[in-house]
Every structure is written in C-alpha cells, then in structure tokens.
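I open this notebook to record what I looked up in the structure, one topic per entry. The entries follow the order in which I consulted it.

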Amino acid sequence: MTRDGELTVGELSARSGAPTSALRFYERQGLIHSRRTTGNQRRYTRGTLRRVAFIRASQSVGLPLSAIGEVLALLPADHTPSKEFWVRASDCWRDRLNERIERLERMRDRFTECIGCGCLSFEECALVNPGDAMGEEGSGPRRLFAP
C-alpha cells in the first residue's frame, strides 16, 4: 500500500483476486476509477475494493458488465457500494435474475431429453424451439439470419 493509503493496480489485483488486465478493462468501461501519479501510475482508493467485489459478485450470477455499469452509474465515482446500495441493485436486477433462473431451470429439465437425441430439428426440439414458436413465423432460418 502506498504512503497515502491508496492501492497500486498490483495491490488491488492481489487484494481483490481480479487480474490487472480486468481492472484496467473495468476502468476503461468506467466501472472503477483511479488517479494517475506524476509517473502515470494508477492509484486506487481503498473503496475501489468494494466496487471490484460488487462487479465480480454481479458477474458471478451472470450479469453482463453493461447491466453492472448501469447500476454503478447511480453511485458517485468517489463512493463505495454500501449495504443499501446492494439492496437497490438487487431490486433493479430481481426480475432479470428470476427470468434467468427460470430459463436455466427449463433448460435443465429439457436438456435430458436432448442428450443423444440427434434430432437437430428446429421444428421438434423442445430445447431450441419450445412449442414450435418459430414455426408460427414462417419457414426459413429465423435464428440464423436477422431481418
């Protein structure tokens, strides 16, 4: 740790478990912020550890960085995520996460039927085309080519 309590990119990486390349990427995406020394080295506040923890936890449940960035944009750059912030973020993502859980459960339940089936039929496959929803749109490769 530097004299003024700030962290170098290497220290932030070691403490957060995130590779330095990920930290640089998060910074380019505006998810975390640093200041530059006169030697152009990055320096992060200790609060950045919480932001990185928030980002990594959110990614671990499958949320894309774009969604994480939308929520982090609600938090001023010099603030760290608090418990109240986590509650607000959870409220923002509740529906999205529930939809993802439902989709994964459907996939889990239908996947067994597809193992070894080999049908490769977009018309009959319950996993790729449940209820032949694409058949209602007419013939042709609807998923391969967008209009």
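**Entry 1. Surroundings of Val9**

I note at the outset that the model is predicted. I began with Val9 and listed its contacts, leaving out residues up to four places away in sequence: Val9 touches Thr20, Leu23, Arg24, Arg42 and Tyr44. I then looked up its place, which is in helix H1. Val9 has a relative accessibility of 16% and counts as buried, because the cut-off for buried is under 20%. For a spacing, I took Val9 and Ser21, which are twelve residues apart in sequence and 9.4 Å apart in space, C-alpha to C-alpha.

**Entry 2. The nonpolar core**

I next asked which residues have the most contacts inside the largest nonpolar core. They are Leu12, Leu23, Ile32, Phe54, Leu72 and Trp93, in a core of 23 residues. I also checked which helices supply at least two residues of this core each: they are H1 (9-16), H2 (20-28), H3 (48-60), H4 (65-72) and H5 (83-114). I recall that nonpolar side chains tend to be buried together in soluble globular proteins.

From this list I took Ile32 for a closer look. Setting aside neighbours within four places in sequence, I found Ile32 in contact with Leu12, Leu23, Tyr26, Glu27, Tyr44, Thr48, Arg51, Val52 and Ile55.

**Entry 3. Salt bridges**

How many salt bridges does the structure hold? I found three.

In one of them, Glu6 pairs with Arg35, and the closest N and O atoms are 2.8 Å apart. Glu6 belongs to the segment before H1 and Arg35 to strand S1 (residues 35-36), so this bridge ties together parts that are 29 residues apart in sequence. I compared the burial of the two partners: Glu6 is buried, with a relative accessible area of 12%, whereas Arg35 is partly exposed at 38%.

Another joins Glu27 to Arg42, with 2.9 Å between the closest N and O atoms. Since Glu27 is in helix H2 and Arg42 in strand S2 (residues 42-43), the pair ties together parts that are 15 residues apart in sequence. Both Glu27 and Arg42 are buried.

Arg94 is partly exposed, with a relative accessible area of 43%, and Asp91 is partly exposed at 46%.

**Entry 4. Arg43, a buried charge without a salt bridge**

I then turned to Arg43, which lies in strand S2. Arg43 is buried but has no salt bridge, and the nearest side chain of opposite charge, Glu6, is 5.0 Å away. A salt bridge requires the nitrogen and the carboxyl oxygen to be within 4 Å. I did find a polar contact between the side chains of Arg43 and Gln41, at 3.0 Å.

**Entry 5. Backbone at Asn40**

I noted a positive phi of about 65 degrees at Asn40, which is not a glycine. For most residues other than glycine, phi is negative. Asn40 is placed in the loop between S1 and S2 and is exposed, with a relative accessible area of 51%.

**Entry 6. Aromatic rings**

Searching the whole structure, I found three aromatic pairs. In one, the ring centres of Phe54 and Trp93 are 5.7 Å apart and the planes are at 25 degrees, so the pair is stacked. The pair links distant parts of the chain, with Phe54 in helix H3 and Trp93 in helix H5, 39 residues apart. Both Phe54 and Trp93 are buried. I also recorded that Phe54, Phe85, Trp86 and Trp93 form one aromatic cluster.

Apart from neighbours within four places in sequence, Leu75 is in contact with Arg51, Thr80, Pro81 and Phe85. Leu75 and Phe85 are ten residues apart along the chain, and their C-alpha atoms are separated by 8.1 Å.

Key
Residues are numbered from 1 along each chain as its sequence is written. This is a predicted model: local features need pLDDT of at least 70, side-chain atom pairs count only at pLDDT 80 or more; totals for chains, interfaces and linings use all residues. Side-chain values use heavy atoms; hydrogens and water are left out. A nonpolar core is a set of buried Ala, Val, Leu, Ile, Met, Phe, Trp, Tyr and Cys residues joined through side-chain atoms within 4.5 Å. Buried means under 20% relative accessible area, exposed over 50%, partly exposed in between (1.4 Å probe, protein chains only). Helices (H or I, at least four residues) and strands (E, at least two) are DSSP runs, numbered from the N terminus. Contact means heavy atoms within 4.5 Å. Lys and Arg count as positive and Asp and Glu as negative; His and the chain ends are not counted. A polar contact is a pair of N or O atoms within 3.5 Å; within protein, one must be able to donate a hydrogen and the other to accept it, and residues adjacent in sequence count only if both atoms are side-chain atoms. Rings of Phe, Tyr and Trp (its six-membered ring) pair if their centres lie within 6.5 Å; planes under 30 degrees apart count as stacked, over 60 as edge-to-face and the rest as tilted.
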